[in-house]
Amino acid sequence: MTAALRTEYRKLVTTRLWWVLLATMAAYMAFLAGVMGFALTQSPDASGAGMPGTGPGAPMSPEQVARAVYTLATSLGYVFPVIVGALAMTGEFRHQTITPTLLAEPRRTVFLAAKMLSSVAVGLLFGVVGTVATVSAGAGVLALLGEPTHLGDPVVLRSAGLSVLALTVWAVVGVGFGTLLTNQVAAVVVLLAFTQFVEPVLRVVLGQVGALQGVSKYLPGAAGEAITGSSFYADSGMAAGLLPSWAGLLVLLGYAVLLAAAGRLTTLRRDIT
């Protein structure tokens, strides 16, 4: 297991794509945090817009604004670590390295476990960089506007710290997804469509139906946000509330395990040449 883990880690860190995505994530999250920090403070009434059809909600407090801005990476930026995780697995099939990999480590469950564990280190790096970029840009804009940054607030700092954890888990989810859908182009397209369009729309739509509001809390993105205890969607009233932090972590880890198990029973069960 140790040898397999070392091998998979080296595969991840010796490719160039991951740091390109890392730099892109940092720039993207800094931009979004700056824009969102400005928008939420300049239009306080709009920040509590409420769910469609329910009327305006209560305006967000300064602390809620700070938390929503600082945890934007788990609301909008988690697509980067989940794609990196998916590429770690789909790249094996695209570049035909899966055959020598399984010859070197024929125990396919060990190979999959090593792939998932090695993604934790890269996911952690994405979590730290994405969160630091978000908090730095967001706090900078809030300070320039004369708004409280709440950087000394333990609750706000806890949410920012848990954002790192959530983004780390997303990389592991990506590996599980890439095990199930091994076509690299298809995997990236599906992840982009689901994280940036399908789930946000589902959360808003399900939030309008009383009997289904609870269901939206168990969607992957909502579970990731629940880990931090803050959500731009929920705090602004566009979607239902969140699960407790521990429950969000368990749900997101559950997605990773279920996807990986499905991939192990399908993709990695077949003969690979």
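The legends below describe several close-up views of a predicted model.

**View 1. Helices H2 and H7 pack side by side.**
Two packed helices are described by the angle between their axes and the distance between the axes. For H2 (17–42) and H7 (residues 108–144), the angle is about 30 degrees and the axes lie 8 Å apart. Because angles under 35 degrees count as roughly parallel, H2 is described as roughly parallel to H7. The residues of this contact divide into 16 nonpolar, 6 polar and no charged. On the H2 side they include Trp18, Met25, Gly34 and Phe38, and on the H7 side they include Leu125, Phe126, Gly130 and Val141. The crossing in which H2 passes H7 is right-handed.

**View 2. Threonine 131 sits in helix H7.**
With a relative accessible area of 6%, threonine 131 is buried, because buried means under 20%. The side chain of threonine 131 is joined to the side chain of serine 163 by a polar contact of 3.3 Å. When residues up to four places away in sequence are not counted, threonine 131 touches Phe126, Ala160, Ser163, Val164 and Leu167.

**View 3. Lysine 115 is placed in helix H7.**
Is lysine 115 buried or exposed? Its relative accessible area is 2%, so lysine 115 counts as buried. The side chain of lysine 115 reaches the backbone oxygen of alanine 88, at 3.1 Å. Leaving aside neighbours within four places in sequence, lysine 115 is in contact with Glu8, Lys11, Ala88, Met89, Glu92 and Val175.

**View 4. Helix H3 (residues 62–70) contains several buried residues.**
The buried residues of helix H3 are Val65, Ala66, Arg67, Ala68, Val69 and Tyr70. Which helices are included in what covers these buried residues of H3? The cover includes helix H2 (17–42), helix H4 (72–76), H7, helix H8 (154–180), helix H11 (220–228) and helix H12 (232–235).

**View 5. Helices H9 and H11 cross at roughly 85 degrees.**
The axes of helix H9 (residues 184–207) and H11 come within 9 Å. Because angles of 65 to 115 degrees count as roughly perpendicular, H9 is described as roughly perpendicular to H11. From H9, the contact is made by Phe194, Glu199 and Arg203, and from H11 by Pro220, Gly221, Ala222 and Glu225. The residues of the contact of H9 with H11 divide into 3 nonpolar, 1 polar and 3 charged.

**View 6. Glutamine 96 and histidine 150 lie in loops.**
Most residues other than glycine have a negative phi. Glutamine 96, although not a glycine, has a positive phi of about 60 degrees, and histidine 150, also not a glycine, has a positive phi of about 60 degrees. Glutamine 96 is placed in the loop between helix H5 (79–94) and helix H6 (98–104), while histidine 150 is found in the loop between H7 and H8. The relative accessibility of glutamine 96 is 49%, so glutamine 96 counts as partly exposed. Histidine 150, at 24% relative accessibility, counts as partly exposed.

Key. Residues numbered from 1 in each chain as written. Predicted model: local features only at pLDDT ≥ 70, side-chain atom pairs only at ≥ 80, totals over all residues. Heavy atoms only, no water. Helix = DSSP H or I, 4+ residues; strand = E, 2+ residues; numbered from the N terminus. Buried < 20%, exposed > 50% of the residue type's maximum accessible area, 1.4 Å probe, protein only. Polar contact = N/O pair within 3.5 Å; in protein donor to acceptor, adjacent residues only side chain to side chain. Contact = heavy atoms within 4.5 Å. Axes fitted to C-alpha atoms, helices over the stretch in contact; angles between N-to-C directions. Parallel < 35°, antiparallel > 145°, perpendicular 65-115°, else oblique. Left-handed = near helix turned anticlockwise from the far one by under 90°. Nonpolar A, V, L, I, M, F, W, Y, C, P; charged D, E, K, R; others polar.
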